[in-house]
Amino acid sequence: MADNGAGIHAGEPTDEPGGGRTAGPLGGPDGRGRIVVGVSGSLGSLAALHRAVAEARRADVEVLAVLCWTPVGGEFGYRRSPCPPLLTACRDAAAARLRQALDEAFGGGLAGVRLRCQAVRGETGQALVRSADRADDVLVLGTGGRGALARALRPSVTGYCIRHATCPVLAVPRPPLQRELEALERHHHVRVRPLTVGR
């Protein structure tokens, strides 16, 4: 394992889809489950990370922070045109995003909680369900504000995990700041809509 500071460890990634699993037992001192949390760097996922740490501190179990990634162009595109250097760059970028998210959430330090982080190759919902594979795990996810079009084009990760996970799933509501930013963005789009010239 590579230590990237503050007791945070990253599992050795692999180049196989669904790879990058941390080796060895990750449960609490008496073999209990873990708090597995999906991390993307969004405000919602940072709120989920804080909630996961609070739950882990209360239950005295370990947190496994997971950032999921796929090659540029997706798995289908990569199978058609494999490029190992590009795959390595994607994996390294995912690990860097995960470290940055942890730094933003905790300022580089975290006391009283065992925290491991892992960049896992695979579609987000499937990879998170695979990572939280123990009946006594708890999978923590942030929820985001998504319109009908976004939901149609890209199904909800939270919904997928609720339907397929073999452990409890805790969906953390969007933080107030995220809701305010989304409201400002909607307002901004309304105000800058191009004017139609009358006939």
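## Terms and model

A salt bridge here is a side-chain nitrogen of Lys or Arg within 4 Å of a carboxyl oxygen of Asp or Glu. The model is predicted: local features need pLDDT of at least 70, side-chain atom pairs count only at pLDDT 80 or more, and totals for chains, interfaces and linings use all residues. Residues are numbered from 1 along each chain as its sequence is written, and side-chain values use heavy atoms, with hydrogens and water left out.

## Overall fold

The protein chain has seven helices and seven strands. These are DSSP runs, numbered from the N terminus (helices: H or I, at least four residues; strands: E, at least two). Along the sequence, the pattern reads β-β-β-α-β-α-α-β-α-β-α-α-β-α.

Of the 199 residues, 38% count as buried. Buried means under 20% relative accessible area, exposed over 50%, and partly exposed in between (1.4 Å probe, protein chains only). The protein chain exposes about 11300 Å², and carbon and sulfur atoms supply 57% of that area. Areas come from the Shrake-Rupley method with a 1.4 Å probe; for residues, only the protein chains shown count as cover. Among contacts (heavy atoms within 4.5 Å) with a separation of 6 or more, 77% join residues 24 or more positions apart.

Strand β4 pairs with β3 in the parallel sense over four bridges. Pairing requires at least two DSSP bridges between the strands. I35 stands opposite V63 in β4. From β3 the chain crosses through α1 to β4, and this β-α-β crossover is right-handed. That is, with the strands pointing away from the viewer, the path from the first strand over the helix to the second runs clockwise.

Strand β4 also pairs with β5 in the parallel sense, over seven bridges. A65 stands opposite C117 in β5, and L67 stands opposite A119 in β5. Seven of the seven residues in β4 are buried. Both faces of β4 are covered, with V63, A65, L67 and W69 on one side and L64, V66 and C68 on the other. In β5, six of the seven residues are buried.

## Nonpolar cores

A nonpolar core is a set of buried Ala, Val, Leu, Ile, Met, Phe, Trp, Tyr and Cys residues joined through side-chain atoms within 4.5 Å. The largest has 31 residues; V37, L49, V63, A65 and L102 touch the most other members. Elements giving two or more residues to this core are β3 (35-38), α1 (43-59), β4 (63-69), α3 (84-106) and β5 (115-121). Helix α3 gives the largest share, eight residues. Apart from this core lies another, of 14 residues, including L64, V66, C68 and V129.

## Salt bridges

The count comes to eight salt bridges. E75 and R121 meet in one of them (2.7 Å, N to O). E75 lies in helix α2 (residues 74-80) and R121 in strand β5, so the pair ties together parts 46 residues apart in sequence. E75 is buried, at 14% relative accessible area. R121 is buried too, at 4%.

R114 and D60 also form a salt bridge (3.5 Å, N to O). R114 sits in the loop between α3 and β5, and D60 in the loop between α1 and β4, 54 residues apart. R114 is partly exposed, at 34%, and D60 is partly exposed, at 38%. Within helix α1, E55 and R51 lie four residues apart, about one turn of the helix. Their side chains meet at 3.1 Å, N to O. R34, D133 and D137 are linked in a network of salt bridges.
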